[in-house]
Amino acid sequence: MRSLLPALTALAMLTCAAAQTPAAAPVTAIRAGVLLDGKSDAPRRNQIIVIRGNRIESVGDAAAAKLPPGANLIDLSRATVLPGLIDSHTHIFLQGEDPAQGGYDANILKQPLAYRAARATVAARRALEQGFTTLRDVETEGAGYGDVGIKQAIADGIIPGPRLVVVTRAISTTGGYPLEGYAPELEMPKGVQIVDGPVEARQAARQQLDHGADWIKVYMTHRSWVGRNGELASQPTLTLEEIKAITDEVHGWGKKVACHAYSGIGLQRALDGGCDSIEHGLQMEDAVIAQMVRQGTWYCPTLGVYYLDWAPENTPAGRRDRLRVSAHAESFKKALKAGVKIVFGSDMGGIPWTEAIAPEFARMVDLGMPPADAIRSATSRAAEMLDLQGQIGVIAPGAYADLIAVAGDPLLDIKELEKVQFVMKDGKVVRSEEK
Ligand SMILES: [Zn+2]
């Protein structure tokens with residue numbers, strides 16, 4: 001009994017310290033000329049957002065609001081304030097696949113892991129500076145569990161970066177992922193963890209979850225070409241039995257499975273196997289879209305990346321590249337009309353990180369998505385997919401203080417999101433071009 005007392009005292013002190021933290025936390029008040037809260041279609045004018053520590057405490061009319069004493073005032077009265085953006089498909093460990101620089105293979109064959117980690121650090125910072133305060137980063141492309149380390153370094157305040165939701169290594173099958181095309185005598189490294197059979201599939205998911213994966217990423221198709229009937233064909237990878245072993249395991253851990261799936265049998269297996277999000281979905285038939293609506297499957301299209309590096313016209317690869325874009329546009333429009341839950345994803349990393357992320361918004365709006373819907377796809381709707389609703393992607397009491405501001409009205413011109421002037425993450429100003 002005697003030995004318990006100091007422990008209890010220590011516990012009481014700890015509890016006390018924890019209770020004191022919010023009161024001692026810095027208070028910031030942001031005056032927003034226009035507020036788009038990430039959920040509602042309707043902009044609100046002249047609002048005050050009060051932030052205590054790293055959370056939003058209140059949101060209300062500036063005329064009626066009483067500023068907390070000692071609050072640090074940030075004047076964004078000439079700007080539109082939105083929640084920090086969420087990109088649900090990035091690769092911070094990939095740096096474009098410029099053939100002149102050795103393409104995809106050089107990432108794995110030529111770059112030391114520390115070098116790749118250094119570049120991933122820069123990619124993370126770039127995303128944050130562009131207003132993306134959360135990324136679902138969907139595999140490290142041969143850099144193992146590097147994403148878990150970068151996530152930790154950001155969370156610990158060692159480096160600046162967005163909140164990261166990470167998938168670690170990703171999973172495909174033998175013959176289902178690069179590196180490919182080398183002499184068969186060579187045992188080449190792969191950009192993912194290779195599995196064959198439901199036992200190995202389940203084991204890989206367990207290993208990745210054990211080592212810090214927040215989601216599991218599976219490649220359900222590999223490569224693509226123009227099929228005999230002019231369709232976009234792709235090679236299926238995991239069997240239904242294999243993908244079901246993974247989704248069963250991952251769902252048991254309370255987590256979700258993202259499936260790269262272009263078209264055809266592999267896409268069908270992804271849906272029949274219970275995938276939570278379809279990545280890319282280049283050619284989706286009506287029945288596939290109906291199944292996604294029925295099952296509540298998320299769709300992360302990543303439109304822009306398929307406009308890069310087209311092979312010459314009238315070559316097999318050139319025809320394939322053009323078909324990918326046209327089929328994708330049709331699939332996107334049908335999915336939008338059918339009410340599939342669409343989230344914003346750029347596939348940055350497939351696009352060099354020196355490029356901007358936000359032009360993906362204009363691609364979606366050009367295909368018929370209303371700007372308010374496009375904004376939700378990168379805010380509250382993405383938060384819902386990530387099971388972080390109310391925490392991120394919204395400006396409301398209790399949410400993390402992740403906010404951005406732009407000068408113009410993104411409901412009128414979605415390209416305003418390409419010119420983010422102010423970024424706050426976790427209550428701290430990351431970027432400010434306002435006086
Ligand atoms: Zn990708």
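This is a predicted model: local features need pLDDT of at least 70, side-chain atom pairs count only at pLDDT 80 or more; totals for chains, interfaces and linings use all residues.
Helices and strands here are DSSP runs, numbered from the N terminus.

The largest pocket holds about 950 Å³ of space. It is lined by 30 residues, and those closest to its centre are Glu97, Tyr104, Tyr262, Tyr306 and Arg324. Four elements each give at least two residues to this lining: the helices α2 (103–109) and α9 (316–338), and the strands β10 (215–219) and β11 (221–226). The largest share belongs to α9, with four residues. By class, the lining of the largest pocket consists of 12 nonpolar, 11 charged and seven polar residues.

The second largest pocket has a volume of about 600 Å³. Its lining has 29 residues, with Ala155, Pro162, Arg163, Leu164 and Lys425 closest to the centre. At least two lining residues come from each of α4 (146–155), β7 (163–166) and β19 (428–432). Here the lining of the second largest pocket divides into 15 nonpolar, 10 charged and four polar residues.

The structure has six aromatic pairs. Arg163, listed among those closest to the centre of the second largest pocket, places its charged end over the ring of Tyr400, 3.9 Å from the ring centre. A further contact of this kind involves Lys341, whose charged end lies over the ring of Trp298, 3.9 Å from its centre.

Terms used:
Residues are numbered from 1 along each chain as its sequence is written. Side-chain values use heavy atoms; hydrogens and water are left out. On a 1 Å grid over the protein atoms alone, a cavity is a set of points where a 1.4 Å probe fits but cannot get out, and a pocket is an open set with protein on both sides within 12 Å along at least five of seven lines; lining residues have an atom within 4 Å of a point. Grid points are joined across faces, edges and corners, and a volume is the space filled by probe spheres set on the points. Ala, Val, Leu, Ile, Met, Phe, Trp, Tyr, Cys and Pro count as nonpolar, Asp, Glu, Lys and Arg as charged, and the others, Gly among them, as polar. Rings of Phe, Tyr and Trp (its six-membered ring) pair if their centres lie within 6.5 Å; planes under 30 degrees apart count as stacked, over 60 as edge-to-face and the rest as tilted. A charge sits over a ring if NZ of Lys or CZ of Arg is within 6 Å of the ring centre and within 35 degrees of the ring normal.
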